Amino acid sequence: MAGSVLSIKDLEVEIEGKQILNGINLEVKGGEIHAIMGPNGTGKSTLSSSIMGHPKYKVTKGTVMLDGKDVLEMEVDERARAGLFLAMQYPSEISGVTNADFLRSALNSRLGEGNEISLMKFIRKMDKQMEFLEMDLDMAQRYLNEGFSGGEKKRNEILQLMMLEPKIAILDEIDSGLDIDALKVVSKGINEMRNEDFGCLIITHYQRLLDYITPDYVHVMMQGRIVKSGGPELAQRLEAEGYDWIKKELGIEDETVGQEA
Amino acid sequence: MTTETKWAFDQEYITSFSKEMNEPAWLTELRVQSLAIAEDLSLPRPEKTKIDKWNFTQFEKLLVKSDIFSAVDDLPEEVKALVDMEAKDSSLYVQRNNKPAYLQLSKEMQEQGVIFTDIFTAAREYSDLLKKYFMTAVKSDEHRLTALHTAFMNGGAFLYVPKNVQLNNPIQAIFLHDDAEANLFNHVLVVAEDNSSLTYVENYFSTTGKVNGLVNIVTEAFAGQNAKIQYGAVDTLAEGLTTYVNRRGIAGRDARIEWALGLMNDGNTISDNLTNLIGDGSYCDMKTVAIGRGEQTQNFTTSIIHFGKNSNGFILKHGVVKDSATSIFNGIGKIEHGASKSNAEQESRVLMLSEKARGDANPILLIDEDDVTAGHAASVGRVDPLQLYYLMSRGISKHEAERLVIHGFLAPVVNELPIEGVKKQLVEVIERKVK
């Protein structure tokens, strides 16, 4: 079976009346890993949040389709059940709800009524993935993200990714604040997911992560649009030379978008 | 002096009631005195809630007739669900309306000289001991409701743990309200002598549906030097019961009192929970969760007063308010002069689930000593949209996401309850109420 297709066309998004995305075009297919790179403030996180349906972002133009279905028409939970996943840069902390209860609830919501996973099977699956991600098994019984260190939160996002097995995952700065060991573990998790049916959009401003996960495509965002696309060699050049050469090439002075003057 | 009898029951009735129960003379006298002063005393004044129109005084019956339960198997199913039927060597008191209806004492208690009995038996058989503590933490003349409580006391329990006795198993009391005509003036007295420890869990439990009545509860909990009391309660009294409930603790040197209260009444309720940290190094942890729904008005005042040096007080209150209900949460941390190196912390959070609901969190710190630490956090708001977004982004429906957040929000007390059945009941009550 061929993988899913996430197709973004002419996407324009504003936040509190300020336009951030100025027409994004991008297609991510099952089996592909795309990296979106760019300096801070160029609209990368806005793109990921808009695809998932963050309540603060307003889509003013364009379409987002998943396998021909209109994602923008769906509620956030419907998007998830359709196969989208967003590993968030700042995951919420939810007191009183254990990580395990949350994950089981999320998994069951995908499986649907009558098809719920048995508790034993769930525990086995969760234990296995936690071991793979070198997580302390106690974290299953801790409250969701509460008091987690930055690195623990990121690992927990990848744990959710591995448990929920989405068709298309977006990873929003999953590498920020990670030390090299944690980065390796997180990358290991993502690489484990890699297959024909899994598409991934990695948002980062460091090349570092891409040393461990080789992308098929690299895109550079500036001023709320994709200004350059290429293969993995593009990321390497960015690492070596920074972004200035692109700005020069395209005649861009200020690469940011929607910032206060 | 001529006094107009404005109460439902006069001095003569109270005297004969007290005699009929074979109460010691001091208690009869105290009842009569309390009745006499009640009229001149004013109602308590809970901050931000006006209660002068509430009916705390007029009622038809002081006693209703109820049958006892001869065995634990005879308990109604909903009561049985609260009891850990599998537990070996457990202790349980069941009161049905005003009637001591069932008592079971653990071997552990009996062997170590622990007293656990209904309040009438306590008055008859342990008169001196009862007198030493009864209405000393809460004074009969504090206000009209404490005076009426003393005068009309018609039920309750007495738990006394001698010096150096550490009880491992929780002690359970269930105050079953299953008669629509019953009014409860319930007194619970818990004493943990020096170096002892106990865990007590009570349920005020209505099975009547909507009624018209009143409830006036006083709990006094005394923790002696280095003693520890864990006090859990889940109140689920029926709509139409106007409730005043005062739970007060006194902590001696290095004593600990830990409250975990699930305040889930359906009627108008004034709840006053206060601990006096008298001894140096004493400690109190007060956790309260509450839900307001329908038209009900509730006021929850939680106070810790520091007298001893190095005393620590922690207040946590989480409330959910929906429909047109009003819930006021007052948290008071008071450090008296001389209570140096003390720490008073509190957190009050209120979740509003509807436009018409009213909720208020008032943190109050009153500090009369320099060398102390104190802190408070308070918030009133809706379910955090970013939390919902996060949960929904994993495929969880909005309704289920809200349910998870609310249960999590009320979890602090659920987790503290040591009896599985009571814990489960609280979770179910929460489920039913926030639906």
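This is a predicted model: local features need pLDDT of at least 70, side-chain atom pairs count only at pLDDT 80 or more; totals for chains, interfaces and linings use all residues.
Residues are numbered from 1 along each chain as its sequence is written, with chains lettered from A and ligands numbered from 1 in the order in which they are written.

**View 1. Chain A meets chain B.** Here 22 residues from chain A and 19 residues from chain B take part in the contact (two residues are in contact if their C-beta atoms, placed from the backbone, lie within 7 Å). On the chain A side, helix H2 (76-82), strand S7 (94-98), helix H3 (99-111) and helix H5 (150-164) each supply at least two residues. Helices (H or I, at least four residues) and strands (E, at least two) are DSSP runs, numbered from the N terminus. H3(A) gives the most to this side, five residues. By type, the side of chain A that touches chain B has twelve nonpolar, seven polar and three charged residues; Ala, Val, Leu, Ile, Met, Phe, Trp, Tyr, Cys and Pro count as nonpolar, Asp, Glu, Lys and Arg as charged, and the others, Gly among them, as polar.

**View 2. Two helices of chain A side by side.** The axes of H5(A) and helix H6 (residues 180-193) of chain A come within 10 Å and cross at roughly 10°. Axes are lines fitted to C-alpha atoms, for helices over the stretch in contact, and angles run from 0 to 180 degrees between N-to-C directions. H5(A) and H6(A) are therefore roughly parallel to each other (angles under 35 degrees count as such). Residues that meet include A:Ile158 and A:Leu161 in H5(A) and A:Val185 and A:Ile190 in H6(A).

**View 3. The open sheet of chain B.** Ten strands line up in the order S2-S1-S5-S7-S9-S11-S13-S15-S17-S19, with mixed pairing (two strands pair if DSSP finds at least two bridges between them). At the edges are strand S2 (99-104) and strand S19 (373-381) of chain B, each pairing on one side only. From one strand to the next, the twist averages 10°. Strands S9 (residues 228-236) and S11 (residues 256-263) of chain B pair in the parallel sense over eight bridges, and B:Gln230 has B:Glu258 as its bridge partner in S11(B).

**View 4. A helix across the strands.** Helix H10 (residues 420-434) of chain B lies across strand S7 (197-206), S9, S11, S13 and S15 of chain B, and runs at about 35° to S9(B).

**View 5. An enclosed helix in chain B.** Nine of the nine residues of helix H7 (residues 144-152) of chain B are buried, so this helix is largely enclosed by the rest of the structure. A residue is buried if 20 or more other C-beta atoms, placed from the backbone, lie within 10 Å of its own. The buried residues of H7(B) pack against helix H1 (11-20), helix H2 (25-38), strand S8 (213-223) and strand S10 (241-251) of chain B.

**View 6. Back to B:Leu75.** B:Leu75 counts as buried, with 21 C-beta neighbours inside 10 Å. Leaving aside neighbours within four places in sequence, B:Leu75 is in contact with B:Phe69, B:Lys80, B:Val94 and B:Tyr102.

Note on methods. Angles under 35 degrees count as roughly parallel, over 145 as roughly antiparallel, 65 to 115 as roughly perpendicular and the rest as oblique. A residue is buried if 20 or more other C-beta atoms lie within 10 Å of its own, exposed if 12 or fewer, and partly exposed in between; C-beta atoms are placed from the backbone.
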